[in-house]
Structures are given as structure tokens and as C-alpha cells.
Amino acid sequence: MSNILTIAMPKGRIFEEAVELLRKAGYKLPPEFDDSRKLIIDVAEEGLRFILSKPMDVATYVEHGVADVGIAGKDVLLEEERDVYELLDLKISHCYLAVAGLPDTKMNEVAPRVATKYPNVAEAYFREQGEQVEIIKLNGSIELAPLIGLSDRIVDIVSTGRTLKENGLIEYERIIDVTSRFIVNPVSYRIKDLQIDEMVERLSKVV
Ligand code: PRP
């Protein structure tokens, strides 16, 4: 069995913060981490292999065991309900999920529609509110939907609030706070418990 620990990392905006956190925890990550298009980066000295994936896919790699551990947003974990353990709140990439839309508009009473990248979260939220809505799944630029009449509301991530503001949208309800989490494949955790516990310990000291 390989004693290399494979870690799935989310590309994009969480990536830089995650790399910074790992460096703070003492992991020596080469300059490739700052400017590269490589999707697999081996750091032999640390016994680590990094897989750079789409944020939405991190938990999929970890669930299937092709990555032992990963860094995933709580938004993704809520949406996908993957069979992984969540061991640590890394407290990076703070943002929240919210319901937003055009100002001073009511939901369509006959056929309310909600556009989102998070259909499960959105559906559960509106069900809890006792509202039956049609969910329209989009893959990005969710803020477009109410602007062009595709939906009454959106459920999306708000970070700085700039995207809402610059598109003339307002927040109606805050659903849940989101940060990045350290997740683990259950089988890997049994086999590589010492390595994984060491990583959790080093990370927990710097979060
Ligand atoms: C996310 C999110 C919002 C935006 C929020 O999109 O879906 O659109 O960031 O950030 P802000 O509050 O700081 O403006 P992302 O940039 O990840 O791209 P996407 O449209 O492909 O989802």
C-alpha cells in the first residue's frame, strides 16, 4: 500500500487560501502551487500528492477513494451529501448561501421559480418554508436568471456581495454560513489514520 497521502484541492478562489493554510501548517509547497495549470502535483518530500479539481467535485474524488482527503466547501457538502467524514472546519473562504432577487418583487404565486447551482439545498430550504417552487439548475452566473426573467429568486453564494450589488439584486434571506472543511475518505482514515491525524493536528493549530 502506498503511504503517499492524496489530497483533493478545489481550484479557483478557495485554492489560494487553502495553499496558504497548508504552508502555515508547515507544509513546503513548491512555486508550482502559485502559478501552474498542472492538475496533479506531487510533493514527494512531504509524502503528498495533490489533485486539483473543480470545487464541486472534491467530495466525489474523496468519496470514491481516489483522494484520501480533501478540502471542500460546506456548500458542496450540504448539496451532495457524500459518504465522507468532515474532520475539521478550516475557517477559510467564509461566505454564505442566500436567497436573492430583484428588489421589491414577490415570488410568482402560481409558478414560483428559483435558479441555483444548489438544487438540493434550495429545495430543502423552500420546503421547510412551506413553499413549493420549481428549481432551475444552472452551473454558474446564477445572478443572470432573475435579470432575464428565468426565475423569481436565486439561491447562491454571497461572499463580498459585489455580484448582487453590481447586478441590481438584493438579498432576501440568509440560509446558512459556509466555510471550507477538511474531509476524509472513511477507508483511508482506517488505513492511513496516523498520517491523516497528523495533518488534522497541524492544520487545527493554524486555523
Ligand atoms: C460565486 C457565486 C456568486 C459570486 C459571489 O460565483 O456564485 O456569483 O461568486 O461572490 P461576491 O459576493 O463576492 O460577488 P463564482 O465567481 O464562483 O462563479 P460562478 O458564477 O461560475 O458560480
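**View 1. Salt bridges of Arg-82 with Glu-63 and Glu-80 in the predicted model.** The side chains of Glu-63 and Arg-82 form a salt bridge, with N and O 2.7 Å apart. This pair links distant parts of the chain, 19 residues apart: Glu-63 belongs to helix H2 (residues 58-63), and Arg-82 to the loop between helix H3 (74-80) and strand E5 (85-89). Arg-82 also meets the side chain of Glu-80 in a salt bridge, at 3.0 Å from N to O. Glu-63 has a relative accessible area of 26% and is therefore partly exposed. Arg-82, at 27%, is partly exposed, and Glu-80 counts as partly exposed at 27% relative accessibility.

**View 2. The salt bridge between Asp-68 and Lys-192.** The closest N and O atoms of Asp-68 and Lys-192 are 2.9 Å apart.

**View 3. A salt-bridge network of Lys-74, Glu-86, Asp-89 and Arg-181.** Salt bridges link these four residues in a network. The count of salt bridges for the model comes to 13.

**View 4. Contacts of Val-207.** Val-207 lies in the segment that follows helix H8 (193-206). Apart from neighbours within four places in sequence, Val-207 is in contact with Leu-21, Asp-89 and Leu-90. Asp-89 is also a member of the network with Lys-74, Glu-86 and Arg-181. The C-alpha atoms of Val-207 and Leu-90 are separated by 5.6 Å, although the two residues are 117 residues apart along the chain. With a relative accessible area of 39%, Val-207 is partly exposed.

**View 5. Strand E7 and its parallel partners E8 and E9.** Strand E7 (residues 113-116) pairs with strand E8 (residues 134-137) in the parallel sense, over four bridges. Within this pairing, Arg-113 has Glu-134 of E8 as its bridge partner.

**View 6. A nonpolar surface patch of Leu-144, Leu-147 and Ile-148.** The patch made by these three residues covers about 290 Å². Leu-147 is located in helix H5 (residues 144-147). Leu-147 counts as partly exposed because its relative accessibility is 38%.

Note on methods:
Residues are numbered from 1 along each chain as its sequence is written. This is a predicted model: local features need pLDDT of at least 70, side-chain atom pairs count only at pLDDT 80 or more; totals for chains, interfaces and linings use all residues. Side-chain values use heavy atoms; hydrogens and water are left out. Patches are made of residues with over 30% relative accessible area and no salt bridge: like charges are joined within 9 Å, nonpolar side chains (Val, Leu, Ile, Met, Phe, Trp, Tyr) within 5 Å. Accessible areas come from the Shrake-Rupley method with a 1.4 Å probe; for residues, only the protein chains shown count as cover. Helices (H or I, at least four residues) and strands (E, at least two) are DSSP runs, numbered from the N terminus. Buried means under 20% relative accessible area, exposed over 50%, partly exposed in between (1.4 Å probe, protein chains only). Two strands pair if DSSP finds at least two bridges between them. Contact means heavy atoms within 4.5 Å.
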